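Please keep the sequence and the model at hand while reading.

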Amino acid sequence: MKHSWVKEFMELFFTDRLKAYQLKSEKIPTKLYKYQPVSPERIESLKQNKIWFSKATALNDPFDCRSTYFNEDELITTFKKHRLDETSGKTFEELAQGMDEMMDFLRSNVELTCFSEKPSNMPMWGNYADNHKGICIEYDFTQLESDSQFSKYLFPVGYESNRYNITNILKDIVEEKISNKTYLIFFLMLLKHDSWDYEKEWRIFNIEGYEGNDRKGSLIECPIKPTAIYFGLNCSDEDIEAISSVVDKDVTKLHKVQLKNHEFFHLDVI
C-alpha cells in the first residue's frame with residue numbers, strides 16, 4: 001500500500017474512529033495539488049473559488065470506487081443463521097445480490113475531487129493537465145478548521161494489487177453491529193490498483209452529494225483560496241493572462257514551469 005499507514009487508518013475507522021481521524025490529521029501533507037486543463041468553465045470556477053466534484057461513475061478507472069469484494073458463501077451463511085429469508089421474503093441468493101446492488105448504489109451517488117502530493121508529477125501533467133497546456137493548483141488544507149467538511153472528508157488513497165475483503169463488515173451490518181451503511185463509502189473510495197500509485201492521491205468527497213440524484217457532479221465552494229497556481233510548459237499566454245486576472249494575487253502566487261538544461265528529469269519554476 002502506497003501510504004503504509006492507510007491500512008492502519010482503515011482498520012481503526014471501524015474500531016476507534018477518533019484515533020483514525022487523529023492519525024489522518026497527523027499525515028495530511030502541508031500542500032496538495034490539483035492538476036486540470038484550462039477552459040472557460042475552469043477559469044470561472046477559479047474566479048468563484050469553487051472546485052468540481054465528479055460522480056464516481058465518471059472517473060477514468062473502471063475499478064475506481066469498486067475496490068472491495070465479499071465472500072458470497074460466508075454472507076449466505078450469516079443470512080441463514082438469522083433466517084433472513086423468512087423475514088425478507090427473498091432467497092439467500094437474492095439477499096446476497098442485494099448487497100452487491102447496495103454497493104453499486106453507494107458508488108453511483110458518491111461525488112469526489114482528487115489531489116496529488118507533488119506539483120512536479122510528470123504523468124499528472126500529461127494525463128490531467130492537458131499535456132502541460134493546463135495548470136496545477138496548490139491548496140494548503142492545514143489552514144482548515146478541524147470541523148470543516150473539506151477537512152473531515154479529506155482522505156488518502158491506498159494502492160494494492162488486490163481488492164479489499166469486506167465480508168466481515170457486511171456480516172456486521174447484517175447483524176446490526178454497524179448501523180450506518182454509508183461508512184462503506186470510505187472503503188469504496190480509498191483503494192486503487194497499485195498501477196496508479198504514481199498519482200500519490202488524496203480525495204475529498206461530498207457527503208451531501210449522496211442523494212440519489214442524476215447529476216454528473218457539483219461545483220462546491222472551497223473554504224480556502226489556492227496558495228499557488230503553476231502554469232504548464234505549454235500553457236498559452238492568453239490562458240495565463242485570463243487566470244491571472246481572476247485570482248487574488250495577494251493570496252495566490254503564480255508560477256511558470258520551465259524546462260532547462262539539467263542532468264536530471266527536473267522542471268524549474270519561476
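In strand β2 (50-55), S54 stands opposite L112 in β4, and β2 and β4 run antiparallel, joined by two bridges. The model is a predicted one, in which local features need pLDDT of at least 70 and side-chain atom pairs count only at pLDDT 80 or more, while totals for chains, interfaces and linings use all residues. Residues are numbered from 1 along each chain as its sequence is written, and side-chain values use heavy atoms, with hydrogens and water left out.

**Strand pairing**
- β2 is also joined to strand β11 (residues 217-221) by five bridges, and these two strands run antiparallel; strands are DSSP runs of E with at least two residues, numbered from the N terminus, and two of them pair if DSSP finds at least two bridges between them.
- Within the pairing of β2 with β11, K50 stands opposite E221.

**Largest pocket**
- The largest pocket holds about 500 Å³ of space, where a pocket is an open set of points on a 1 Å grid over the protein atoms alone, fitting a 1.4 Å probe and having protein on both sides within 12 Å along at least five of seven lines, and the volume is the space filled by probe spheres set on the points.
- Its lining consists of 24 residues (those with an atom within 4 Å of a point), and K34, Y35, L59, C114 and Y128 lie nearest the centre of the pocket.
- Two or more lining residues come from each of β1 (32-36), β2 (50-55), β4 (111-116), α7 (122-128) and β10 (201-206), with the largest share, five residues, coming from β4.
- By class, the lining has eleven nonpolar residues, six polar and seven charged, with Ala, Val, Leu, Ile, Met, Phe, Trp, Tyr, Cys and Pro counted as nonpolar, Asp, Glu, Lys and Arg as charged, and the others, Gly among them, as polar.

- The axes of helix α4 (residues 72-81) and helix α6 (residues 92-108), helices being DSSP runs of H or I with at least four residues, come within 9 Å and cross at roughly 120°, which makes α4 oblique to α6.
- The axes of α4 and helix α9 (residues 167-174) come within 10 Å and cross at roughly 15°, and the two are therefore roughly parallel (an angle under 35 degrees) to each other.

How values were computed
Axes fitted to C-alpha atoms, helices over the stretch in contact; angles between N-to-C directions. Parallel < 35°, antiparallel > 145°, perpendicular 65-115°, else oblique.
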